[in-house]
Amino acid sequence: MTYDVIVVGSGAAGGWAAKTLAERGLRILVLEAGPLLAGDHRVDRAAHTGARQPVQSRCSAYEQANSHLFVDDLDNPYQTPPDAPFHWFRGRQAGGRMLLWAGVSLRMSDREFAGTAPDAPHHRAWPLRHRDLAPYYTRVEEFLRVTGGGESTPAAPPPAAVRRRPLTRGEQRLAEAVAARWPGRQVITSRTAVAEAGSVLSAALATGRVRLRPDAVVTRLELDDRGRRAEGVVFVDRRTGATHRQRAAAVLLCASAVESVRILLNTRTRHHPDGLGNHTDQLGRYLLDHTAGVSASGLVPGPEGPPRPLPGPGFVPVCHIPDFGDATRPFPGGYGINVFAPEVLPQNSGSAAWASAGGTPFRMWASGEVLPHPDNRITLADRTDAWGVPQARIRLVYGPGERAMALDQATEMTAMARAAGFTVLDVNDRPLPPGSSVHELGGAAMGTDPAHSVVDAGHRLWRVPNVLVTDGACFPTAGWQNPALTIMALAARAADRLADAARAGDLEGAAP
Ligand SMILES: Cc1cc2nc3c(=O)[nH]c(=O)nc-3n(C[C@H](O)[C@H](O)[C@H](O)COP(=O)(O)OP(=O)(O)OC[C@H]3O[C@@H](n4cnc5c(N)ncnc54)[C@H](O)[C@@H]3O)c2cc1C
């Protein structure tokens, strides 16, 4: 069977790439390293145990009930320098980490697309702006039924449709106190996807033009004799160990940032001895992340009156304070704050107990932009994983900018909580180890100049244009916004452009 396009990976990026291409009439093969889980994608009788997941079990979202949605660390090892831990939290199953994500969906603004702080060292800018991505943001938001809208929020442009949930009493109190004291800051309602986990991949499969091949671990790409065109991919069957080859006119890498870079680095040929897309030594560099773990928590005094229920399932009780930084800050990156100040805990946890504690709980936590640095990078180790693929070696360390930002986050969260009359009981100003946000990005940055990027604005490798990097690896800067919405919008845009090229008879990207 021949396919027009191979999509590697079936998570946030792969789901949207396959869905978009198939809706435009192309025949797609999705190669997915993990299994297709039964039924609602969440049931797997052979769940892992913590003993095989020493890394994954450190993720704050990890629990026995969802441990099968995290990888087996013994089969999927990776290396870090001894003094630079990196927590790489992964899911290897059809649907990827979309079966785990919390759904927080914030658009990036032109401030992030312009590249924060143009005078910062290693400044990088995107080759596109919000207006280029806006139709795709809207498409993804509509499909996932993202909440929010109806607010003027330049730091995080709102969804086109209005689907708002009212603020809880605690959030309202905070919003009023922040508006009164800091006119440049905003507390905005929840921006959260409501659609069911796995629905994007299901929609792709429902087109009838997508074949999903689970248990297919892609190890490398194969090129033509001149090294200018990919002919297809090589993959290993996860269960049998057998090696297979599959041809297609174009390959989209959607295996997640580090995995897509690993596949490119492992594609070493006569014409590409240092890995595919690495002729200017950019591949693997500028690995990005968001700082996580800096937080303030305590009690919202009260409650006054009976607790109000949330308006319906899927409305995550979290609101946001978008980045409010200006040029006076002593660090270049931006950060946003999430606020959890519910009136009722999920699952009968009893508001009476809260009243006896003197109020309802709140927690604020920050997501901070990690700046691009060439030495934060992915390379290949000598040792291999269970399928014979060289392990990724990941080096990401925070610099003085990220450390200064963490202190500022803690100070500002505490000040805003106190201004709202909240009782602050605990403050943490130290970020968790890199990777903990599960927002790893970069490594194959998009740009306008091959000397400083790996792919062009259409996600195509500069020298091999029928290979596209359409997941978070292509981010030249991280922004502060949770990245999955932007990853999905980018994948849909790249797929749309590829479908345009196919219609023009140029699926292999021969045109300049
Ligand atoms: C608990 C949790 C909560 C999160 N909450 C949010 C949130 O609220 N908002 C947000 O923006 N982000 C959130 N994220 C992060 C979000 O899930 C990721 O940013 C997003 O899924 C990345 O999309 P992706 O397609 O690049 O990777 P993934 O979704 O991880 O998909 C990659 C796929 O590629 C497959 N693959 C990997 N290697 C290979 C290979 N060699 N061959 C074939 N297939 C391969 C994997 O098996 C996987 O299915 C959360 C993550 C976790 C774990």
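Modeller: Happy to! The ligand is surrounded by 40 residues, counting a residue as near if its C-beta atom, placed from the backbone, lies within 6 Å of the molecule. The closest are Gly 9, Gly 11, Gly 96, Asn 482 and Ala 484. Before going on, please keep in mind that this is a predicted model: local features need pLDDT of at least 70, side-chain atom pairs count only at pLDDT 80 or more, and totals for chains, interfaces and linings use all residues. Residues are numbered from 1 along each chain as its sequence is written.

By type, the shell holds 23 nonpolar, twelve polar and five charged residues; here Ala, Val, Leu, Ile, Met, Phe, Trp, Tyr, Cys and Pro count as nonpolar, Asp, Glu, Lys and Arg as charged, and the others, Gly among them, as polar. At least two shell residues come from each of helix 1 (12–23), strand 4 (216–223), helix 6 (257–265) and helix 9 (484–503). Helices (H or I, at least four residues) and strands (E, at least two) are DSSP runs, numbered from the N terminus.

Now to the strands. Strand 11 (residues 359–369) pairs antiparallel with strand 7 (residues 290–291) over two bridges, where pairing asks for at least two DSSP bridges between the strands. In this pair, His 290 sits opposite Glu 369. Strand 8 (residues 295–301) also runs antiparallel to strand 11, with seven bridges, and its Ser 295 faces Trp 365. Strand 10 (residues 335–340) is joined to strand 11 by six bridges, again antiparallel; Val 339 has Met 364 as its bridge partner there.
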